[in-house]
Amino acid sequence: MKILTTVKKVVDVELNIHVKDGAIVEDGLQYVINAWDENGVETAVQLKEDSGAETTLVSIGGGDNTDVIRRCYAMGIESGMHIDDPALEKADAFIYARVLQKVFEAGDYDLVITGKQAQDTDNGQTGIILAEYLGLPCVSNVIGIEVLDDKHLKVSRSGDAGTEIVALELPAVVTVDVSINEPRLPQMRGLMMAKKKAIEKMDLTALGTSADEIGCAAPKSEIVAFMATEKRSGGRKFEGDAAEITARVVDLLANEAKVL
Amino acid sequence: MNPIAMSLLLTVALGVFGRTMARKIQLLRALAPADRTNHLKQRLANMFVFAIGQKRLIGRARERSSGIMHALIFWGFCVLLIRSLTLYGQGFYEGFQLPWLGGGHLAGYLYLAVKDVMEGIVLLMVLYAVFRRAVLKPRRLHNTFEAYLVLALIGILMVSDLLLDGARYNLVHLYHNAKTIPFFNHPRYGSEFLWTPVAVGASALISGLGASANAAILATMFWLHICTQLVFLNILPLGKHFHVITALPNVFLKSLGYPHEKAQLLDLEDEAAWEDESLGVNHIHQLNWKQGLDLYTCTECGRCKEVCPTYTTDKPLNLYEFNDKLKHALLANADNIIRRSGLAAARARCGDDEQAAGLAEQMSALNSEKQLIGDIIAADTLWACTTCRACEEVCPVTIEHVPRIIAMRQGQTLMAEAYPKELNPALKGLERNGNPWGIGYDKRADWADGLGVQTMAADADVDYLFWVGCAGSFDDRAKKVSRSLVKILQRAGVRFAILGVEEKCTGDFARRVGNEMLFQMAAQENIATLNRYKVKKIITACPHCLNTLRHEYPQMGGNYEVIHHSEFIAQLVKTGRIELQPSLAGALAYHDPCYLGRYNEIFEQPRSILASVCQDAPRELPRHGRESFCCGAGGGRMWMEETIGKRINLERAEEIAGQNVAHVAVACPFCLTMIEDGMKELEKEELIKTRDIAELVAESMA
Ligand code: SF4
Ligand code: SF4
């Protein structure tokens, strides 16, 4: 089984994101592997360890993705490619999916694993659109994969009514949820090995396509501006006699907040 | 006198003994290196205090009676050694005496008197020891045949020597053989028997048997004594009584400057080390020779396990067994270990790559088939340790358990990548955001909002850096301590700053769980930052930060004067820079944090501070000071679940609650969390408030 896993480099959402003039302030930000993709990588590596799958990884855009891809190598991914092109600057889910389609077609894969969404945009579309483009079956929100044979998987997904078990024929696309596994933490040995491994870097031409074919010029969606979420200021504390406080709070609600 | 018999006996006994010892030493030499040859004076001092002075035996209130018993047997034995040499001499030459100890010198008489009384005392102590083992049965002790055998041999040594002297007395004074039996008789000091009341008492037991029987007893006791001693000597190296021989050198060679051997700064870039799997300890031959000597020396007294927070709360870490299993693994693999070290030396010498590879292969074939972690020591055992050092602090022969445990964790984490996966979130948080909580690094200084605290980045011209630590920066409870400390520093007019978002976890917990990579990464970054600001003096409220900054950063080129807030505040109070009102009502007890007390010897300062904020004198907990009981958070345990046995913090909270106090003071953010959680579990958090000393001081400032 040949697996293609996708990985997106995203901003660390543990950080405060500051917005200035409709754009994110890059200063002080740091970038990490999208958490859901990390689960996807772990899934692929487990399939490699348990069922002898071959694992390839692709990451699109993001400038220097070396650290992200090396981390995945250190987790156990065998080969990786990074596709970047100035034309991809404004890429949306459709464009990502088109690029992935090209990668898929060039590589004769049996299974695509993507994280079910990316931490930065929270769109959750790319994997599903890719399946549509490829005309392949897709299971989203996957929380477990069992290999039945070369061509068949038993996949469980978290659905509205509980866990759903789906029989899936390969080739197919799955998008995984964080609850599928605990991604391993790359250790020194893996990280050292990863440094020596090559990363295949390609632009759209090298991938055998072009900005036109992908549709880079006309993304279906576009981010116009970012806005900072409003900061909640701390509440007010009242101390003293219960009756007095009640009167004061009622007064404030009526006259200051004007909600009564 | 029988020179032939004596020569024969000595040759055989010393020959066998020499062979055994040579083998034991050879095994130690085959282990990994350790440098213990510096600071001779201090080493000798340690030997006098701990080994000869028996400090940890008689110094512990909880164990005083058995401690005194052991010390008396030991000292008695030392005294008797001189007598034994005399007896060996007499085997060759009748009437032999050591120089200055003969009948012509007062010293000879004095020695006889001391020896005589000591023999009586040792005999009594042996009886007490048997009674204690057989009847009192202290929980920590393991009753073995060996223990009784050795007590019996000691008893025989005493009895035989006393009867020997008793028979001489009878022959000289009762049967008038003064001419043929040599004895001391000096015009000034009189007959030697005036000086030996115990032997004279023993003589009464055999006085009625007649002259020839007494002569026979004399001869028999002489040879019995000699033979027993030689048998004893040869039994020693075979079991736990090896400590009789190794305890002195073991104490002499103990770690200096820091309570135990510091975790090794591993060269993680060394590819050969990765190939040889020689980072950390994953095989028994990777222990260093001092650790081997530790194993030889363990007396199996069980003091360590008795004070261990994991053993007392029913976890699988039982240090007695831990040592015992390692010792057996060491001895069982002795041949291979010795052969292996020969091959290693050959490989180091050989210039030919192919030959070296062949040697390496032969070496790995000599590895023990049993996995050190898994087959010999269970993983749960290895990871249970909180690195609290309670065990080391009570060990009478100064055995160092924690460095071994950390080295094994290094081996597991680095080489086998086998460590509790529940640590991953904390390790990942450290890696990404420089704190085990994994909270964005940019929020590190949020606790100080509105306090007017300056950062080094804004102005580094200050006297002190306040090192806040991760807990003080991110944990809501500990943030209050940081704020209190700021209030104190500001009130005292101290010129200080923080690093703010430039501060990272010191890496303490990563190192304790064997993740040397993350420790070194964190340390490197921090040291670069500290050195960039030319920081000289650091104040911190976290004993873990204190310990790492003070003792471990120098390994990587970071040298600072690191001061715990308790030391600093005590100084502020003493110099009158802050004034405290003894206003706190209700009884208060102080819980000694392990990394403050046992690791850094800071016991007094927190107590003196507390004494000046409390209306009544602070109380001591049953387990306090050097023998304080861990809160359960050290050694990376803060970031692991505690699923086996009783929770350590609960055990401690119960101990505190049993003292009827209204407050418990701590001086560590992790103790704060653990003990407060314990109180919550007991539903006593309202009755017994857990507070850091900084909070109490800030509230008591006049
Ligand atoms: S390690 Fe020390 S305290 Fe523990 S059993 Fe051995 S001698 Fe006793
Ligand atoms: S350091 Fe503490 S927890 Fe670890 S073995 Fe010693 S006493 Fe037990």
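## Accessibility and the model

A residue is called buried under 20% relative accessible area, exposed over 50%, and partly exposed in between. The structure is a predicted model. By that cut-off, Glu277(B) counts as partly exposed because its relative accessibility is 34%. Arg189(A), at 26% relative accessibility, also counts as partly exposed.

Glu277(B) and Arg189(A) form a salt bridge in which the closest N and O atoms are 3.5 Å apart. Glu277(B) sits in the loop between helix H10 (271-276) and H11 of chain B, while Arg189(A) belongs to helix H5 of chain A, so the pair joins two chains.

## Interface between chains A and B

The contact between the chains involves 22 residues of chain A and 24 residues of chain B. The size of an interface is often given as the accessible area lost when the parts come together. For chain A and chain B, the buried area is about 2,000 Å², with carbon and sulfur atoms giving 45% of that area.

The count of salt bridges between chain A and chain B is five. One of the salt bridges pairs Glu431(B) with Arg71(A), with 2.9 Å between the closest N and O atoms. On the side of chain A that touches chain B, strand S5 (31-33) and helix H5 (188-196) of chain A each supply at least two residues. H5(A) gives the most to this side, with six residues. By class, the side of chain A that touches chain B has 10 nonpolar, five polar and seven charged residues.

## Overall layout of chain B

Chain B has 702 residues, of which 58% count as buried. Its secondary structure comes to 30 helices and nine strands. Taken along the principal axes, the C-alpha atoms of chain B fill a box of roughly 100 × 75 × 45 Å. Among contacts in chain B between residues at least 6 apart in sequence, those joining residues at least 24 apart make up 80%.

Four domains are assigned in chain B: domain 1 (3-30 + 39-252), domain 2 (271-315 + 324-333 + 368-419), domain 3 (432-574) and domain 4 (588-700).

## Domains 2 and 3 of chain B

The centres of domain 2 of chain B and domain 3 of chain B, taken over C-alpha atoms, are separated by 31 Å. Each of these two domains of chain B puts seven residues into the contact. About 560 Å² is buried between domain 2 of chain B and domain 3 of chain B, and carbon and sulfur atoms give 59% of this area.

Zero salt bridges are counted between domain 2 of chain B and domain 3 of chain B. Three residue pairs are in polar contact across this interface, with both residues at pLDDT 80 or more. Helix H19 (residues 402-416) of chain B provides five residues, the largest share of the side of domain 2 that touches domain 3. That side of domain 2 of chain B has three nonpolar, three polar and one charged residues.

## Helix H11 of chain B

Helix H11 (residues 289-297) of chain B is mostly covered, with eight of its nine residues buried. Among the buried residues of H11(B) are Lys290(B), Asp294(B) and Tyr296(B). The cover over the buried residues includes helix H1 (3-30), helix H9 (243-252), helix H14 (319-332) and H19 of chain B.

At the start of H11(B), the backbone nitrogen of Lys290(B) has a side-chain oxygen of Asn288(B) within 3.0 Å.

## Salt bridges within chain B

Over all chains, the structure holds 63 salt bridges. Side chains of opposite charge can pair when their charged atoms come close. Arg626(B) and Glu393(B) form one salt bridge, at 3.0 Å from N to O. Arg626(B) lies in the loop between helix H27 (604-613) and helix H28 (648-657) of chain B, and Glu393(B) in helix H18 (residues 390-394) of chain B, so the pair ties together parts 233 residues apart in sequence. Arg626(B) counts as partly exposed at 35% relative accessibility, whereas Glu393(B) counts as buried at 9%.

Asp508(B) and Arg512(B) meet in another salt bridge, at 2.9 Å from N to O. Because Asp508(B) and Arg512(B) are four residues apart in helix H23 (residues 508-512) of chain B, about one helical turn separates them. Asp508(B) counts as buried at 8% relative accessibility, and Arg512(B) counts as buried at 1%. Elsewhere, Arg83(B), Lys115(B), Glu119(B), Asp161(B), Asp165(B), Arg168(B) and Glu192(B) are joined into one network by salt bridges that share partners.

Key: Residues are numbered from 1 along each chain as its sequence is written. Chains are lettered from A and ligands numbered from 1 in the order in which they are written. This is a predicted model: local features need pLDDT of at least 70, side-chain atom pairs count only at pLDDT 80 or more; totals for chains, interfaces and linings use all residues. Side-chain values use heavy atoms; hydrogens and water are left out. Domain bounds come from an automatic or database domain assignment. Contact means heavy atoms within 4.5 Å. Buried area is the accessible area (1.4 Å probe) that two parts lose on being put together, summed over both. A salt bridge is a side-chain nitrogen of Lys or Arg within 4 Å of a carboxyl oxygen of Asp or Glu. A polar contact is a pair of N or O atoms within 3.5 Å; within protein, one must be able to donate a hydrogen and the other to accept it, and residues adjacent in sequence count only if both atoms are side-chain atoms. Ala, Val, Leu, Ile, Met, Phe, Trp, Tyr, Cys and Pro count as nonpolar, Asp, Glu, Lys and Arg as charged, and the others, Gly among them, as polar. Buried means under 20% relative accessible area, exposed over 50%, partly exposed in between (1.4 Å probe, protein chains only).
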